[in-house]
Amino acid sequence: MADNKSSVKKVLLVEDDRQLSDLITDFLESEGFHVKQEFRGDTVEKRIDSFAPDIILLDIMLPGKDGFTVCKEIRPNFHGPILMLTAKGTDFDQVLGLEIGADDYVIKPVEPRVLLARVNALLRRGELPTDGNEKAELVFDKLFVNRTSRLVRLDGEVIDLTSQEFDLLWLLASRAGEVQNRDYIYKAVVGREYDGLDRSVDVRISRLRKKLHDSNETPFRIKTIWGQGYLFVPDAWS
């Protein structure tokens with residue numbers, strides 16, 4: 001529960017099932033969130049401008065524009081987390097959503113406590129634990145990463161990352177030269193235990209490689225160490 005008005009997080013809920021939308025809204029508001037409802041995909045951008053949400057819960061099947069289209073269009077300018085709501089439990093839906101910039105997904109019907117846990121995990125972005133001595137910025141030749149401003153530059157080019165892409169990069173880069181196992185990455189970045197099936201970290205690694213001019217076929221900057229995890233190579237940024 002939020003302790004004061006300044007700490008209240010704003011949630012934009014985009015869901016055309018009004019009964020479900022009301023149920024989710026009532027639950028989140030009882031947990032201290034400020035929720036605005038939107039029922040069409042083609043009005044989301046205007047609502048973002050007027051409401052400035054901290055997080056967006058975005059259904060896939062919407063009138064006006066579907067959730068995938070909305071996510072792709074708002075992602076360049078909305079830097080908060082996007083949690084997709086899908087009634088389809090297929091890999092295709094999940095991976096496609098993550099590839100176009102969503103941070104996580106929940107399969108409907110939504111269990112309220114699961115939804116709350118996912119929302120809280122996403123809102124904790126930028127709050128990864130530190131040991132008290134961790135630097136605020138990292139430099140590897142032409143790669144610059146600043147944790148405070150969440151700014152990434154490679155060879156002078158600003159690299160636009162989603163919130164969880166940045167958290168994943170920071171986790172790997174701050175432990176450069178050390179293999180980070182999948183279980184640890186899921187707990188630190190996604191905010192839950194790895195279930196052996198979830199592909200969200202794999203998708204984000206793939207997106208990071210593309211944005212950081214690495215190769216998914218023969219990666220040399222963020223390597224896959226089979227059976228162990230991922231390795232950030234500190235001397236591969238010249």
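In which strand does Leu57 lie? The answer is β3, which covers residues 55-59. Keep in mind that this is a predicted model.

Let's stay with that residue. Is Leu57 buried or exposed? Its relative accessibility is 0%. Buried means under 20%, so Leu57 counts as buried.

What surrounds it? In sequence, Leu57 and Leu83 are 26 residues apart. In space, their C-alpha atoms are 4.8 Å apart.

Now zoom out to the sheet. In what order do its five strands stand? Read across: β2-β1-β3-β4-β5. The sheet is open, and the pairing is parallel. At the edges are β2, residues 34-38, and β5, residues 104-107. Each of these edge strands pairs on one side only. From one strand to the next, the twist averages 20 degrees.

Look at one pair in detail. Strand β4, residues 82-86, runs parallel to β5, and four bridges join them. Which residue of β5 is the bridge partner of Met84? That is Tyr105.

Helix α2, residues 44-51, lies across β1, β2 and β3. It runs at about 165 degrees to β1, which spans residues 10-14.

How many strands form it? Three, in the order β10-β12-β11. This sheet is open too, but here the pairing is antiparallel. The edges are β10, residues 179-181, and β11, residues 222-225. Each has a single partner strand, so one side of each is left without a neighbour in the sheet. Ignoring direction, neighbouring strands are turned by 30 degrees against each other on average.

Follow β11 into its partner. Strand β12 covers residues 229-232, and four bridges hold the antiparallel pairing of β11 and β12. Ile222 stands opposite Phe232 in β12. Ile225 has Gly229 of β12 as its bridge partner. Together β11 and β12 make a hairpin, with three residues between them. In that turn sits Gly227, with a positive phi of about 80 degrees.

Back to the helices. Helix α8, residues 200-211, also meets helix α7, residues 182-190. At what angle do α7 and α8 pack? About 85 degrees, with the axes 10 Å apart. That makes α7 roughly perpendicular to α8. From α7, the contact uses Arg182, Ile185, Tyr186 and Val190. From α8, it uses Ser200, Val201, Asp202 and Arg204. By class, that contact has four nonpolar, one polar and three charged residues.

Last stop, the record. What does UniProt list for residues 135-234? An unreviewed entry there gives "DNA-binding region". In the model, this span is 32% helix and 25% strand. Its end C-alpha atoms lie 16 Å apart.

Conventions
Residues numbered from 1 in each chain as written. Predicted model: local features only at pLDDT ≥ 70, side-chain atom pairs only at ≥ 80, totals over all residues. Heavy atoms only, no water. Helix = DSSP H or I, 4+ residues; strand = E, 2+ residues; numbered from the N terminus. Buried < 20%, exposed > 50% of the residue type's maximum accessible area, 1.4 Å probe, protein only. Pairing = 2+ DSSP bridges. Axes fitted to C-alpha atoms, helices over the stretch in contact; angles between N-to-C directions. Contact = heavy atoms within 4.5 Å. Parallel < 35°, antiparallel > 145°, perpendicular 65-115°, else oblique. Nonpolar A, V, L, I, M, F, W, Y, C, P; charged D, E, K, R; others polar. UniProt positions renumbered as here; feature names shortened; annotations may be inferred.
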